[in-house]
2 protein chains.
Amino acid sequence: MPAKKSTGRKSTAKKAAAKKTTRKAASKAAPKAARTTAQHGPKKAPVRSKKPTRRTVTDATDKRTIECIDDTAKVVYDKILKKNAPELKSPVRALSNVRYDPKVGYLEIGKARKVRTLTVNTVKAFAQTLKMLHISKEMIEQDTFATKREAYYVSKNWNEARFKEQPESDTVMDDIESMFSLHGVSREQLRFYPEEHGGAVAGNLVVIDRDPVSGESLRIDCTKFGSGAYTIPHSVEHLEFETKAKFVLAIETGGMFQRLQVHGFWNTANCIIVSMGGVPTRATRRFVRRLSEAKKIPVYAFVDCDPYGISNIYRTLKVGSGNTAHLNRFFCVPHARYLGVTPQDILDYELPTHPLLDVDIKRAKDALKNDPFFQQSKPWEKALNQLLKMKVRAEQQALAKWGLNYVIEEYLPRKLKEAKAFLP
Amino acid sequence: MPAKKSTGRKSTAKKAAAKKTTRKAASKAAPKAARTTAQHGPKKAPVRSKKPTRRTVTDATDKRTIECIDDTAKVVYDKILKKNAPELKSPVRALSNVRYDPKVGYLEIGKARKVRTLTVNTVKAFAQTLKMLHISKEMIEQDTFATKREAYYVSKNWNEARFKEQPESDTVMDDIESMFSLHGVSREQLRFYPEEHGGAVAGNLVVIDRDPVSGESLRIDCTKFGSGAYTIPHSVEHLEFETKAKFVLAIETGGMFQRLQVHGFWNTANCIIVSMGGVPTRATRRFVRRLSEAKKIPVYAFVDCDPYGISNIYRTLKVGSGNTAHLNRFFCVPHARYLGVTPQDILDYELPTHPLLDVDIKRAKDALKNDPFFQQSKPWEKALNQLLKMKVRAEQQALAKWGLNYVIEEYLPRKLKEAKAFLP
């Protein structure tokens, strides 16, 4: 369908647009695509055409990312000059290639590597990988970014190398991501951003960002949002922090976050509250990780007492997930601890409950049986078995049985007095 | 299960907690429940017990809401004294009771009323309705709120009147909501807040909120968030605005919002950008409505060109939805206009497309056949038929075919020059 779309009548306008477009996205990587586009720009394309703003990259992280890209390209280039088949190496992404060492604190990718050698069969994917890397380099130079979806659409100008469906481009991006994770470079540093932004933040924290256009430094005071909050951006690598808060409280639901925000819990408890809204996004996990590491403050998770809250939300926040083990070094919070709701809380606070569903039971048993994190943790083994025995689950909102603000006035203060007793 | 849970051993601690709890949530409404709780407070309940902070309500909106609650209760009370069966009236919530008048600008609830008279069969729901109203009044006096979920859990202290499942409490809340919509009182004013907060905001806007605890006024400058953004709170009734922006741009996807934010589009175009993240939440719609009305600035929608983007996202933003017609007076933005992506844009900008799925075709045909908004709009009839004829859809990200920032440098500026041509 897109192939069809890109046939059309000539016009200077089109040429102009096309020149510009291809300079922005795919020109050097795809001279042929460039020419094609030049003949098929949009009818409404501009007559004027601006130069894309290219900056001299000064940011250390960006410099390092560009070096990694250049090195990768150079290895391929030299091999070709020597008439050898070039290769691209990336870690095998499978649970079989995942390990957990409590000292490291997150699910790590193993040593197994996947090698793609340039052959007649791999030539297209090989070219697409290099083109994707080229876009990445250009995005850094132009200080912009692309979502997975946009990267897919950009390829519509690659002519023969164009992706037919997004899953193809996603796979190439995942390969690149894992390839560069070996060099400590994340997908965000390559300027491929997730579609969804991070959660909401409030509390005793000043986030130091820069104006994306002027570059001027900005101080964002998270005590000054009233009933609103600060939204974590899609990429947080460049953020810095000032805080005297004692801990970060990562909260499962937006409703509970709003309660703690509106009643200034972060003020009385001197903390920073973060709304995860279910399983935390990459940006949220990275934000909490960077913040808590930079400021050396503990992270406590406050989620529902059910196998999903424990083995999906909390587990992902703390040690990451198995099938993205190559990312966990960036995206998990190994020092996070579990404040509650615990199975014991259900008894101690006589909470209203719901029966465990089959899917809950299966999830808890899987965690005990197959999850390297829960397997090495006696306290969690005990807690999950207790939950399975009780056959019930309880939500953090269930504390409302004792009054809407019981959670603020009684539950959290009492739990925080025994932080050492939190589940690991 | 919860019923079982609330049997337990006595203790002064429990009594203390219970007294406190019931004062907070359900005491006057449920003396029996109060006694019950007194016997069954949580094991870990506090010995000390604080008075809930009751404020003298000064806020005009809150005062009016309390008056409405008192009036409703008084009518019931007087009827009972006169030994007549008390009634509660609310609008019939059905498409059959919905009308659309372009002059009004949104789908309105009709004149049909549902009357619930107190009988042996309705006594429980009747009691629950009055208890829910009582909580609402207490929440206003204590300046707090409850999510639907929390309201359900609070009822666990109501003894016989307790809700067994949340759908029961949701129904009662929906009845109350529509009952009070007749008096111009929204659910948020009754302090029942939605679980999900609003979208992200950035641009030439200062939001004036107050510190929820100190009451001190706060100025939130939405030009100073760097790559982050402002999260709209769950309730926006109390917010005020300062802006010289020319328009509000409501954007479907978080990715596109991030692009416009990071490249300071709101600065060059002098506007306010709002991320809807699909169908906008109640808070987002109310925020855009109050902002644009207070400041008399137009609202433009920028969504995908498919029947979902048009007849769900845009239609809900502009005229609300049929089955919540009693809310539309609060939650829609009648003066919103459709910037794009339009079916004609797909041709003019030669966008990559995807074929319409059966569900898309059905949705578009339903809109033309049954939706009072699209029925009275010739331009929309034409546009939807054009889309059905083209048999394709295109996403806003598809503009990336011409370069990642083509949307900022060419598409939006050109469209904004012809704002009069936007679809109604």
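In the predicted model, B:V299 has B:A336 as its bridge partner in β15(B). The two strands involved are β14 (residues 299–302) and β15 (residues 336–340) of chain B; β14(B) and β15(B) pair in the parallel sense over 4 bridges,. Two strands count as paired if DSSP finds at least two bridges between them. Strands here are DSSP runs of E with at least two residues, and helices are runs of H or I with at least four, numbered from the N terminus. Strand β15(B) is mostly covered, with 4 of its 5 residues buried. Buried means under 20% relative accessible area, exposed over 50%, and partly exposed in between, using a 1.4 Å probe and protein chains only.

The model is predicted; local features need pLDDT of at least 70, side-chain atom pairs count only at pLDDT 80 or more, and totals for chains, interfaces and linings use all residues. Residues are numbered from 1 along each chain as its sequence is written, chains are lettered from A and ligands numbered from 1 in the order in which they are written, and side-chain values use heavy atoms, with hydrogens and water left out.

The predictor assigns the complex an ipTM of 0.77 and a pTM of 0.80. Chain A has an average pLDDT of 84, and 87% of the residues score at least 70. The pLDDT is the predictor's confidence in each residue, from 0 to 100. Residues 1–41 of chain A have pLDDT below 50; this stretch makes 91 contacts in the model beyond near neighbours in sequence. A contact means heavy atoms within 4.5 Å. Where pLDDT is low, the predicted coordinates should not be read in detail.

Chain B contains an open sheet of 3 strands in the order β9-β8-β11, with antiparallel pairing. Strands β9 (217–221) and β11 (240–242) of chain B stand at the edges, each with a single partner strand, so one side of each has no neighbour in the sheet. The twist averages 30° from one strand to the next. Angles run from 0 to 180 degrees between N-to-C directions, and axes are lines fitted to C-alpha atoms, for helices over the stretch in contact.

Strand β8 (residues 206–210) of chain B pairs with β9(B) in the antiparallel sense over 5 bridges. In β9(B), B:V206 has B:D221 as its bridge partner, and B:V207 has B:I220. These strands, β8(B) and β9(B), form a hairpin with 6 residues between them. In the turn, B:G215 has a positive phi of about 80°. On the β11(B) side, 3 bridges join β8(B) to β11(B) in the antiparallel sense. There the bridge partner of B:V207 is B:F241. Because 4 of the 5 residues of β8(B) are buried, this strand is largely enclosed by the rest of the structure. Helix α10 (residues 282–295) of chain B lies across β8 and β11 of chain B, at about 55° to β11(B).

Chain A also has an open sheet of 3 strands, ordered β9-β8-β11 with antiparallel pairing. Its edges are β9 (217–221) and β11 (240–242) of chain A; each has a single partner strand, so one side of each is left without a neighbour in the sheet. Neighbouring strands are turned by 30° against each other on average, direction ignored. Strand β8 (residues 206–210) of chain A is joined to β9(A) by 5 bridges, and the two run antiparallel. In β9(A), A:I220 stands opposite A:V207. Helix α10 (residues 282–295) of chain A lies across β8 and β11 of chain A and runs at about 55° to β11(A).

Aromatic rings of Phe, Tyr and Trp (its six-membered ring) pair if their centres lie within 6.5 Å; planes under 30 degrees apart count as stacked, over 60 as edge-to-face and the rest as tilted. By this rule there are 37 aromatic pairs over all chains. The ring centres of A:F225 and A:Y230 are 6.4 Å apart with planes at 35°, so this pair is tilted. Both A:F225 and A:Y230 are buried. One aromatic cluster is formed by A:F225, A:Y230, A:F241, A:F287, B:F225, B:Y230, B:F241 and B:F287.

Charged side chains also sit over rings. The criterion is NZ of Lys or CZ of Arg within 6 Å of the ring centre and within 35 degrees of the ring normal. The charged end of A:R259 lies over the ring of B:F145, 4.4 Å from its centre. That of B:R259 sits over the ring of A:F145, 4.4 Å from its centre.
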